[in-house]
Amino acid sequence: MASPRTITIVALSVALGLFFVFMGTIKLTPRLSRDAYNEMKRAYKSYVRALPMLKKMGVSSIILRKSIGALEVACGIVMTLVPGRPKDVANFLLLLLVLAVLFFHQLVGDPLKRYAHALVFGILLTCRLLIARQPEDQVPEKRTLSVNGDEQPLLTEAAPEKGKIKVS
């Protein structure tokens with residue numbers, strides 16, 4: 001049976017991955033929701049207006065929106081389908097992306113209700129990354145030494161740790 005830690009990581013990975021695939025797709029095409037797509041276009045125009053250095057670098061609102069959308073879709077697919085270390089890399093990239101989006105929302109003065117979802121998913125990404133990076137808890141096996149037919153624990157396990165008192 002899978003450990004609760006594994007189940008948590010898989011559930012968070014799939015849920016977060018699907019969310020970011022969905023949100024990235026909305027940024028890329030109006031097929032899922034024309035209203036949401038138009039809202040994304042408007043929002044990214046305001047982000048580029050608020051950061052004139054993006055314009056100086058040649059980054060238009062369309063390039064910014066499509067590159068963020070493509071990154072969200074790619075990382076979302078990795079989070080959903082790819083096992084192992086790439087999931088953690090995708091998680092980290094999405095976390096950086098969420099932080100950038102939160103910065104954009106603050107920059108243009110959006111109310112909390114416009115970016116509350118980004119806060120929640122940023123927290124979920126952080127939790128998933130922390131859980132995934134924690135070492136797996138393994139129960140140490142009891143090692144015994146056979147002396148004259150009697151099983152006795154090894155001296156390192158039988159002796160109390162330094163600075164601790166063994167109470168029987």
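Modeller: Happy to! Let us begin with a term: helices here are DSSP runs of H or I with at least four residues, numbered from the N terminus. With that numbering, helix α2 gives the largest share of the lining of the largest pocket, six residues. Please keep in mind that this is a predicted model.

The pocket itself holds about 330 Å³ of space. Its lining counts 19 residues, and the closest to the centre are Met23, Lys27, Met40, His105 and His117. The elements that give two or more residues to this lining are α1, α2, α5 and α6. Sorted by class, the lining has 13 nonpolar, two polar and four charged residues.

His105 sits in helix α5, which spans residues 85-108. Its relative accessibility is 5%, and because buried means under 20%, His105 counts as buried. What does the side chain of His105 make a polar contact with? The partner is the side chain of Asp110, at 2.7 Å. If we set aside neighbours within four places in sequence, His105 is in contact with Tyr47, Asp110, Arg114 and Tyr115. So Asp110 turns up both as the polar partner and in that contact list, where the cut-off is heavy atoms within 4.5 Å.

Leu94 is buried, with a relative accessible area of 0%. Leaving aside residues up to four places away in sequence, Leu94 touches Phe20, Glu72, Cys75, Gly76, Met79 and Leu125.

Leu94 brings us to the largest nonpolar core. That core has 31 residues, and Leu16, Phe20, Tyr44, Leu64, Leu94 and Leu125 touch the most other members. The elements that give two or more residues to the core are α1 (4-28), α2 (34-50), α4 (61-81), α5 and α6 (112-133). Helix α5 supplies the largest share, eight residues. As a general point, nonpolar side chains in soluble globular proteins tend to be buried together.

For contrast, step out to the loop between α4 and α5, where you will find Pro83. Is Pro83 buried or exposed? Pro83 has a relative accessible area of 63%, and because exposed means over 50%, Pro83 is exposed. The C-alpha atoms of Pro83 and Val10 are separated by 9.6 Å, while the two residues are 73 residues apart along the chain.

Finally, let us set all this in the whole chain. The secondary structure comes to seven helices and two strands, and from the N terminus on the elements run α-α-α-α-α-α-β-β-α. Of the 168 residues in the chain, buried residues make up 31%. Among contacts with a separation of 6 or more, 62% join residues 24 or more positions apart.

Technical notes: Residues numbered from 1 in each chain as written. Predicted model: local features only at pLDDT ≥ 70, side-chain atom pairs only at ≥ 80, totals over all residues. Heavy atoms only, no water. Buried < 20%, exposed > 50% of the residue type's maximum accessible area, 1.4 Å probe, protein only. Polar contact = N/O pair within 3.5 Å; in protein donor to acceptor, adjacent residues only side chain to side chain. Core = buried A, V, L, I, M, F, W, Y, C linked by side-chain atoms within 4.5 Å. 1 Å grid on protein atoms, 1.4 Å probe; cavity = no way out; pocket = protein on both sides within 12 Å on 5 of 7 lines; lining within 4 Å. Points joined across faces, edges and corners; volume = space filled by probe spheres on them. Nonpolar A, V, L, I, M, F, W, Y, C, P; charged D, E, K, R; others polar.
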